[in-house]
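Please look over the sequence and the model before reading on.

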Amino acid sequence: LEVALDGQTYSTASPAIQYTFHPEHAVTSFAPSAGVRTGGTVITVRGESFVDSDTGDAENNRAAPKVLTCVFISVDSPEIRYVSQATRFISPEEITCVSPSIPAPAEYIL
């Protein structure tokens, strides 16, 4: 990756900075489809093109940003969202996440 502020003079970095494009992920199923309001239910999400965002760059001593996240969105009020505090990469076809605690019973989409 090189950056130019004037459109002509490009930056040089040593070591080179790499940017990787990944295919868009797709969710095909998840289970279970219900859990307790207090949270803690482990949900297995299956699909394709999941990327392990926690591997980082050990060679250059850099940690990867945490981008793999499950978000629970209220069916009735989409602006209400709860983020799983524990999302885990299993494979490009499977991740798990732990359901968060919510204040009142309701339906959410994952």
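Does Thr-96 count as buried or exposed? At 14% relative accessibility, Thr-96 counts as buried, where buried means under 20% relative accessible area, exposed over 50% and partly exposed in between, with a 1.4 Å probe and protein chains only.

## Basis of the model

The model is predicted, so that local features need pLDDT of at least 70 and side-chain atom pairs count only at pLDDT 80 or more, whereas totals for chains, interfaces and linings use all residues. Residues are numbered from 1 along each chain as its sequence is written, and side-chain values use heavy atoms, with hydrogens and water left out.

Thr-96 lies in strand β6; strands are DSSP runs of E with at least two residues, numbered from the N terminus. Not counting residues up to four places away in sequence, Thr-96 touches Val-42, Ile-43, Thr-44, Ala-86, Thr-87, Arg-88 and Ile-90, a contact being heavy atoms within 4.5 Å.

The largest nonpolar core has eight residues, namely Ile-43, Val-45, Phe-50, Leu-68, Cys-70, Phe-72, Ile-95 and Cys-97. Such a core is a set of buried Ala, Val, Leu, Ile, Met, Phe, Trp, Tyr and Cys residues joined through side-chain atoms within 4.5 Å. At least two residues of this core come from each of β2 (42–48) and β6 (94–98). With residues up to four places away in sequence again left out, the contacts of Cys-70 include Ile-95 and Cys-97, along with Tyr-82 and Leu-110.

## The three-stranded sheet

Three strands form an open sheet in the order β4-β3-β7 with antiparallel pairing, two strands being paired if DSSP finds at least two bridges between them. The edge strands, β4 (81–83) and β7 (108–109), each pair on one side only.

Strand β3 (residues 71–74) pairs with β4 over three bridges, and a hairpin of six residues joins β3 to β4. Val-71 has Val-83 as its bridge partner in β4, while Ile-73 stands opposite Arg-81 in β4. Between β3 and β7 there are two bridges, and in β7 the partner of Ile-73 is Ile-109.

## The aromatic pair

The structure holds one aromatic pair. The rings of Tyr-82 and Tyr-108 have centres 5.7 Å apart and planes at 70 degrees, so the pair is edge-to-face; rings of Phe, Tyr and Trp (its six-membered ring) pair if their centres lie within 6.5 Å, with planes under 30 degrees apart counted as stacked, over 60 as edge-to-face and the rest as tilted. Because Tyr-82 lies in β4 and Tyr-108 in β7, the pair ties together parts that are 26 residues apart in sequence. Tyr-82 is partly exposed at 22% relative accessibility, and Tyr-108 is partly exposed at 24%.

Conventions:
Helix = DSSP H or I, 4+ residues; strand = E, 2+ residues; numbered from the N terminus.
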